Amino acid sequence: MISKRVTAAIAGSAAVALALTACGGTKSGDSGGSGGGGGGSTTTAAFNAALNQVFNPSDKKGGIIKMAHSDDWDSLDPADTYYGYAWNFARLYTRALVMFKVAPGKASEELVPDLAESLGKPTDDGKTWTYKIRKGIKYEDGTEVKAKDVKYNVLRALDRETFPNGPDYFKGFLNLPPDYKGPYKSKGVDTSSGIETPDDYTIVFHLKAAFGGFDYLAMLPQTAPVPEAKDTGAKYKEHVVSTGPYMFDVNELGKRFTLKRNPNWDASTDQNRKALPDGYEVTLKQNADDIDNQLLAGSLDVDVQGTGIQPAKLSTVLNTPDNKARADNPTIARLWYTSVMPTVKPLDNIECRKAVMYAMDRTGYQLAYGGEFSGGDLASTVLPPLIPGQTKFDLFPPGSDNKGDINKAKESLQKCGQPDGFATNMGYREGRPREKATAEAFQAALARVGIKLTLRGFPSGDYFAQFCGNPPFVRSNGLGLCTNGWGADWNDGFGFLSQIVDSRVIRETGGSSNMSVRIPEVDKMLDDAIAETDKDKREKLWGEIDKRVMQEAVIYPGVYAKSLLVRGKGLTNVFVNEAWGMYDYSTLGKA
């Protein structure tokens, strides 16, 4: 999911219709494709038993759910996080204005109220959105949540130097004073032109232009309340003040954290969470293969990253009946891809970028992710098939065997003045064996035409803020390629494309998921698409944007993602939430 900004150039009340159809499409399904509204349940262990239904339903309380992550969290601060698993997990200790429904199947793509009493009420042709906060919701210390606390967190999230990781939607949409930089740097500035709180339980958002999909922004963790008196800036991630059913007990940054029950959470104010376990234990920076071993052995309940088991364990799962009966194979609206940097020489020459596109072995990319079954299908576009508006095309055919067109790659190298190839660096996220394998596949494939890659692994938690998503670092370290991946913030073309192809989300201070797409024409095409009220025309525009990006050879599409998830032994209420493309963490229990 999960990046960064839509600008004031988005114009016109025509945009009101956008999100009225944004819930179309689907985020996951079985190996034969997604489908069904879901809602059933089963206690029979079987392959794909947690797709479109609840596996092992129960209301039993108690127990501790144990989770592990192969790297570090980007941030526990709701203003500063942008991974799907982190948003999924954040619902345990935060409450945003609205949230995706806790249900299997397509129902999980529906937005429902959470902190708010209802979905937003639009006025002024969609330029003003009003939410009423539920009364009686308390923080872990017993103080009541007020509308001003929601406003405060939305505003603090605009400080991209302090909080580089989170999405940047609000900066683009809210009608705030020019150059407003958040409550730390713009202390005392009147922000009522963008957000008003006329009383303790009402928050009103004023937009620069109409946007019918504003409820999707109200779903972001950035609308979870933060009490100003308890805010510690960049250190707030050390102890987030909870509004959810759980609160932090132990938090050793970069190592582990635990959650315990929040005594001031009132179930009568929360129709979305069961809060069954007594707590959660999360261990960080664990070996990915060890996580799989523990999961299969039963000493671990959840691989929190939610992208599935590693290729090394595929045969163990699929060829062992008991293991396969614990597995689910959703297709996800996600693309695993590699950013090709036009700011790093000689890749500032499009023909050198085309050489990369032609030389790469697509089957090597797929194998790095575990093959077709668990990795996904070979990709040739930015948009995955599950996103409405995706069209099939292939601007850089890889040959009949999908292993690359060496002759075309060499022709491009001649045209870019590098007939013998060139050297550059490639970044990937440490703790992710599939990304390392992807980088190694690039290294082997590109070497066939003389392109020499030096591979560099970087910490996952700071990957975008300090390394591959930080333009000065990319330039000074000659990072010509960086592995990447993206799933839709919500399931339509805008929710997928805007944060990875809009050049206006790129910040010199770092933190953008868009590492490589700097095409002004695409920025305008995005603005035109969001303003288009006709659904069919709008979806056609998403496909045209996709093709225009691919023409610049700044993204190498790898695979349209699938994953092979394994249910922990003894878990209850397990299902794949299609909004997240992984198990829903807010509903799990222990048998």
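Strand β3 (residues 64–68) runs parallel to strand β12 (residues 279–283), and five bridges pair them. This is a predicted model: local features need pLDDT of at least 70, side-chain atom pairs count only at pLDDT 80 or more, and totals for chains, interfaces and linings use all residues. Residues are numbered from 1 along each chain as its sequence is written, and side-chain values use heavy atoms, leaving out hydrogens and water.

**Strand pairing**
- Strands pair if DSSP finds at least two bridges between them.
- Strands (E, at least two residues) and helices (H or I, at least four) are DSSP runs, numbered from the N terminus.
- Lys66 has Glu281 in β12 as its bridge partner.
- Strand β11 (residues 256–261) is antiparallel to β12, again with five bridges.
- Tyr280 in β12 stands opposite Leu259.

**Disulfides**
- The whole structure holds two disulfides (cysteine sulfur atoms within 2.5 Å).
- Bonded cysteines, counted along the chain, follow the pattern 1-2, 3-4.

**Cys352 and Cys416**
- Their sulfur atoms are 2.2 Å apart.
- The S-S torsion is about 80°, so this disulfide is right-handed.
- Cys352 lies in helix α8 (residues 350–359) and Cys416 in the loop between α11 (406–415) and β17 (423–429), so the pair ties together parts 64 residues apart in sequence.
- Cys352 and Cys416 are buried, meaning under 20% relative accessible area (1.4 Å probe, protein chains only).

**Cys468 and Cys482**
- The sulfur atoms of Cys468 and Cys482 lie 2.0 Å apart.
- Their S-S torsion is about -70°, so the disulfide is left-handed.
- Cys468 and Cys482 are both buried.

Key: Buried means under 20% relative accessible area, exposed over 50%, partly exposed in between (1.4 Å probe, protein chains only).
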